[in-house]
Amino acid sequence: MGNYERAIKCFEYASSFKSLSAYIKLSEMYGQGIGVDTNIKRSFLLKKAIADLALTSDFEDYWDLPIDEEHKVLEVIESVAESYHYGIGVKQSLEESVKYYNIAIKYSKIMEESDWMLHLPEYLGENMPETNSDIDKSA
């Protein structure tokens with residue numbers, strides 16, 4: 001078994017556990033024909049699975065989403081919108097394209113908010129409360 005065949009099997013297995021990284025890698029491999037025959041439709045369906053879950057309330061629990069990979073989700077959502085826009089791997093639909101572009105906009109706003117929260121300790125510096133009791137004392 002070659003390295004690509006093994007990689008595909010590993011990513012397929014990981015995707016059964018809803019691994020974001022596995023879905024993205026499989027989509028890339030099918031889309032570019034890396035280790036498999038090019039399958040644009042399969043690539044699209046993998047991306048759409050990510051995009052459809054991106055704004056659900058249990059998104060972060062459902063996917064193994066490291067904070068530094070959030071931008072990949074946004075790229076995937078934008079790719080789904082472009083696929084619908086140009087009819088790549090799916091029947092062209094401007095209505096669906098607009099829908100996914102709007103999801104991308106909403107997700108980017110969520111990312112901005114979470115990025116702000118991640119950098120909060122940098123902004124507060126030495127004034128950052130260490131515990132909830134520290135917050136209560138300052139009130």
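This is a predicted model: local features need pLDDT of at least 70, side-chain atom pairs count only at pLDDT 80 or more; totals for chains, interfaces and linings use all residues.
Visitor: Which helices each supply at least two residues of the lining of the second largest pocket?
Guide: The lining includes Ser 27, Phe 44 and Ser 83. Three helices each supply at least two of its residues: H2, H3 (40-53) and H5.

Visitor: How much space lies in the second largest pocket?
Guide: Among the residues around this pocket are Gly 31, Gln 32 and Ser 43. The space in the second largest pocket is about 150 Å³.

Visitor: Which helix gives the most to the lining of the largest pocket?
Guide: The largest pocket has about 180 Å³ of space. Helix H2 (20-32) and helix H5 (70-86) each supply at least two lining residues. The top giver, with five residues, is H2.

Visitor: How many residues of the lining of the largest pocket are charged?
Guide: Lys 25, Glu 28 and Lys 72 are among the lining residues. The lining also has two nonpolar and three polar residues. The charged ones number six.

Visitor: Is Ile 88 buried, partly exposed or exposed?
Guide: Ile 88 sits in the loop between H5 and helix H6 (94-118). Its relative accessible area is 44%. Buried means under 20% and exposed means over 50%, with partly exposed in between. Therefore Ile 88 is partly exposed.

Visitor: What accessible area do Ile 40, Tyr 86 and Ile 88 have together?
Guide: Ile 40 and Ile 88 also line the second largest pocket. With Tyr 86 they form a nonpolar patch on the surface. Together the three have about 300 Å².

Technical notes. Residues are numbered from 1 along each chain as its sequence is written. Side-chain values use heavy atoms; hydrogens and water are left out. On a 1 Å grid over the protein atoms alone, a cavity is a set of points where a 1.4 Å probe fits but cannot get out, and a pocket is an open set with protein on both sides within 12 Å along at least five of seven lines; lining residues have an atom within 4 Å of a point. Grid points are joined across faces, edges and corners, and a volume is the space filled by probe spheres set on the points. Helices (H or I, at least four residues) and strands (E, at least two) are DSSP runs, numbered from the N terminus. Ala, Val, Leu, Ile, Met, Phe, Trp, Tyr, Cys and Pro count as nonpolar, Asp, Glu, Lys and Arg as charged, and the others, Gly among them, as polar. Patches are made of residues with over 30% relative accessible area and no salt bridge: like charges are joined within 9 Å, nonpolar side chains (Val, Leu, Ile, Met, Phe, Trp, Tyr) within 5 Å. Accessible areas come from the Shrake-Rupley method with a 1.4 Å probe; for residues, only the protein chains shown count as cover. A salt bridge is a side-chain nitrogen of Lys or Arg within 4 Å of a carboxyl oxygen of Asp or Glu. Buried means under 20% relative accessible area, exposed over 50%, partly exposed in between (1.4 Å probe, protein chains only).
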